[in-house]
Amino acid sequence: MLTTARGGNRGAGLAMDFAQEQAGDVTVVRLAGRLDSSTAPPAESSFARVLDGDPPRLAIDLSGLEYISSAGLRVLLVVAKKVQQAKGKVVLFGLLPNVREVFAISGFDKILTIQADAAAAVAAAR
Amino acid sequence: MLGFVEEMVLLQLDETQGGLVDLPRSAADIVLAGAAVMELALLNRVDSDLERLFVVDAAPTGDDMLDGALHELAAEGAALTAIAAIERLTVNAEKYRQEALRRLVANGILREENGRHFWVFRTRRYPVIDDREQREVKGRLRQILLTDEIPDPRDVVLICLIEACELLGLVLAADEIARTKTRVAELSRLDLIGQAVTRAVAEIRFMIRHSSAPVF
C-alpha cells in the first residue's frame with residue numbers, strides 16, 4: 001500500500017510518501033520525501049494503522065527520507081513509545097547522511113535501534 | 001493538563017514556602033521563554049531543524065499568552081535560530097510568570113498570600129494547595145528516568161526544562177540523580193529546541209560563575 005501526504009506549509013511539491021509491505025510477521029514501512037510539521041499528522045495516522053499488529057513489529061526504511069525536522073522526530077518517538085508499550089519492536093534502517101546527523105545530534109540514535117540494511121532490520125524486528 | 005509555562009512556574013515554586021526556588025532570574029526567564037516556544041512546537045505552530053526555527057502555522061491557538069508569542073515569532077518574518085527565538089521571547093518572561101501564577105491560582109492549585117516583611121516590604125507567596133498535578137508529573141518523570149521507558153514528546157520537554165533549571169532534585173533523590181546522569185543527558189537532547197534552552201541557560205550560568213570569580 002502506498003499513500004502520499006503532500007505538505008502545504010512550505011511550498012508545493014514538498015511531500016512524504018508512506019508505503020508498507022509485509023516481510024513475514026514484520027511490517028516494512030518506507031518513508032520518502034520530507035517528514036516535517038506539514039507531513040507529520042498524516043504520517044502519524046498512517047503509522048497508527050500499521051501499529052495494529054499484536055505485538056507490532058516494524059522495520060522503517062528511511063533511505064528515501066531526505067529531510068526530518070523536530071516535528072518528524074516526534075512522530076518517530078511516539079511510534080517507538082507505542083511499539084514499546086505494546087511489547088513490540090521497531091528498527092530503522094537506510095538513514096541518509098543528513099538524517100543520520102540529525103539522529104546523532106538529537107540522540108535519537110541512542111534510544112532507537114538502527115540497522116544498516118533491510119535484512120538486518122527485519123531480523124532485528126522479529 | 002497544565003501547559004509547559006505553568007508547569008515550570010509551579011516546579012520553580014518552593015512547595016513549603018511558596019516562593020521561587022534559588023535560580024538565577026535570567027536563567028529562569030530563558031526557561032519560561034523556551035517553555036512557550038516548545039508548547040508552540042507541540043501545537044504544530046513552529047517547527048525546527050538543526051539550523052532554524054520557523055513558524056509553520058500562525059493560526060491562533062486560543063491561548064492568549066502563546067498567541068502573543070506566536071505573533072512575535074511570526075513577525076520576525078525569516079526563520080530564526082532556536083536560540084534567537086527563545087531570546088526574542090525572554091523579554092516577556094515576567095509577563096508569562098505572572099500569567100502562569102494567575103492561572104494556577106484560578107485553577108485552585110496555588111493560593112496567593114500577600115503580607116509584609118518587617119511591616120514594611122510587601123511580600124507575595126504562593127503556597128501549593130493542590131499538589132496532585134505536581135505529584136502526577138513527578139511520578140511520570142521518575143518512571144521514565146529510572147527505567148528504559150521511551151518518553152512521549154511532552155515528557156521530553158519537561159525533562160529538558162527541569163534539567164536546564166538544575167531542578168532534578170525535585171524529582172529524584174541524590175543517589176538517583178548520580179545514577180541517571182547518562183539517561184538524563186540522553187533524554188534532554190531529544191528535543192532540538194530543548195537543546196537550545198539548555199545551551200542558553202548554560203551560557204548564563206557560565207557568565208555568572210566567571211563574573212563573580214576572584215581575579216588574581
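Predicted model: local features only at pLDDT ≥ 70, side-chain atom pairs only at ≥ 80, totals over all residues.
Among the elements of chain A, strand 5, residues 89-93, has the highest mean pLDDT, at 97. Strand 1, residues 2-6, has the lowest, at 55. As a whole, chain A averages a pLDDT of 89. And 89% of its residues score at least 70.

Now, where does chain A meet chain B? On the A side, 20 residues are in contact with 17 residues of chain B. Three helices of chain A each supply at least two residues of that side: helix 2 (70-85), helix 3 (97-106) and helix 4 (108-111). Which of them gives the most? Helix 2 of chain A, with 8 residues. By type, the side of chain A that touches chain B divides into 8 nonpolar, 8 polar and 4 charged residues.

On to chain B. We have 10 helices and 4 strands here. From the N terminus, the order is α-α-β-β-α-α-α-β-β-α-α-α-α-α. Chain B has 216 residues, and 38% of them are buried. Look at contacts in chain B with a separation of 6 or more: 64% of those join residues 24 or more positions apart.

Take one element, helix 4 of chain B, residues 82-90. Its buried residues are Ala82(B), Ala85(B), Ile86(B) and Leu89(B). How are they arranged around the helix? Seen down the axis, they fall within an arc of 95 degrees, so they line one face of helix 4 of chain B. What do they pack against? In chain B, the partners are helix 2 (25-42), helix 3 (64-75) and helix 10 (192-211), plus strand 1 (46-48) and strand 2 (53-55).

Keep your eye on Val37(B).

In soluble globular proteins, nonpolar side chains tend to be buried together. Here, the largest nonpolar core has 99 residues. Val37(B) is one of those with the most contacts inside it, along with Val31(B), Ala36(B), Leu161(B) and Val197(B). Which element of chain B gives the most to this core? Helix 2 of chain B, with 11 residues.

Definitions and conventions
Residues numbered from 1 in each chain as written. Chains lettered and ligands numbered in written order. Buried ≥ 20, exposed ≤ 12 C-beta atoms within 10 Å, placed from the backbone. Contact = placed C-beta atoms within 7 Å. pLDDT = per-residue confidence, 0-100. Arc of directions from axis to C-beta. Nonpolar A, V, L, I, M, F, W, Y, C, P; charged D, E, K, R; others polar. Core = buried A, V, L, I, M, F, W, Y, C linked by C-beta atoms within 7 Å.
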